[in-house]
Amino acid sequence: MAASKPLDLEQFIRILIGETLFYDDEYGAIGCLSLIDPRKKRERFIASFMPEDGAFAIEEATAWTRDGEGEEAIGYELAADSKENATFQSPEEIAGALLKLAKRHNLLPSLTILFEEDEIA
């Protein structure tokens, strides 16, 4: 029996990131991935598919708001404003960029599902 190749963890992560940035046209559901600064406890970058552009985008947070109180709190400040950082044509490209940002700035992921009627940061 031939030995199988060891798992390529970075490729696994890139595929997982790409899969989280989905768009479901039927329900208007959009998967968004935030990169969270654990020291400052706030969103640093937000990534999603932009249906109106047919592209993937990364936005960098420029202002924040508190996340709520008590049981409603999520544990970090949400981006209240942002600026466009980069756009990509494929999930593979944006996944690579997000992984680089996470490594460079020591950020952690958080997944949110929005619906088209919700405002995307």
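**Surface.** I looked up the accessible surface of the protein chain first: about 8000 Å², with 51% of it belonging to carbon and sulfur atoms. Areas here come from the Shrake-Rupley method with a 1.4 Å probe, and for residues only the protein chains shown count as cover.

**Ground rules.** I'm working with a predicted model, where local features need pLDDT of at least 70, side-chain atom pairs count only at pLDDT 80 or more, and totals for chains, interfaces and linings use all residues. Residues are numbered from 1 along each chain as its sequence is written, and side-chain values use heavy atoms, leaving out hydrogens and water.

**Layout.** I found 2 helices and 6 strands in the protein chain, in the order α-β-β-β-β-β-α-β. Helices (H or I, at least four residues) and strands (E, at least two) are DSSP runs, numbered from the N terminus. Of the 121 residues, 38% count as buried (under 20% relative accessible area; exposed is over 50%, partly exposed in between, with a 1.4 Å probe and protein chains only).

**Core.** Next I checked the largest nonpolar core, which has 19 residues. Such a core is a set of buried Ala, Val, Leu, Ile, Met, Phe, Trp, Tyr and Cys residues joined through side-chain atoms within 4.5 Å. L21, L35, I58, F88, I94 and L98 have the most contacts inside this core. The elements giving two or more residues to this core are β2, β3 (42-50), β4 (55-65), β5 (78-88) and α2, and the largest share, 7 residues, comes from α2.

**Pocket.** L35 turned up again in the second largest pocket: with I13, I17, L99 and P109, L35 lies nearest the centre, among 13 lining residues. A pocket, on a 1 Å grid over the protein atoms alone, is an open set of points where a 1.4 Å probe fits, with protein on both sides within 12 Å along at least five of seven lines; lining residues have an atom within 4 Å of a point. I noted a volume of about 220 Å³, meaning the space filled by probe spheres set on the points. α1 (9-20), β2 (29-37) and α2 (91-105) each supply at least two lining residues.

**D81.** Last, I went to D81 in strand β5. D81 counts as partly exposed because its relative accessibility is 46%. A63 is 18 residues away in sequence but 5.0 Å away in space, C-alpha to C-alpha.
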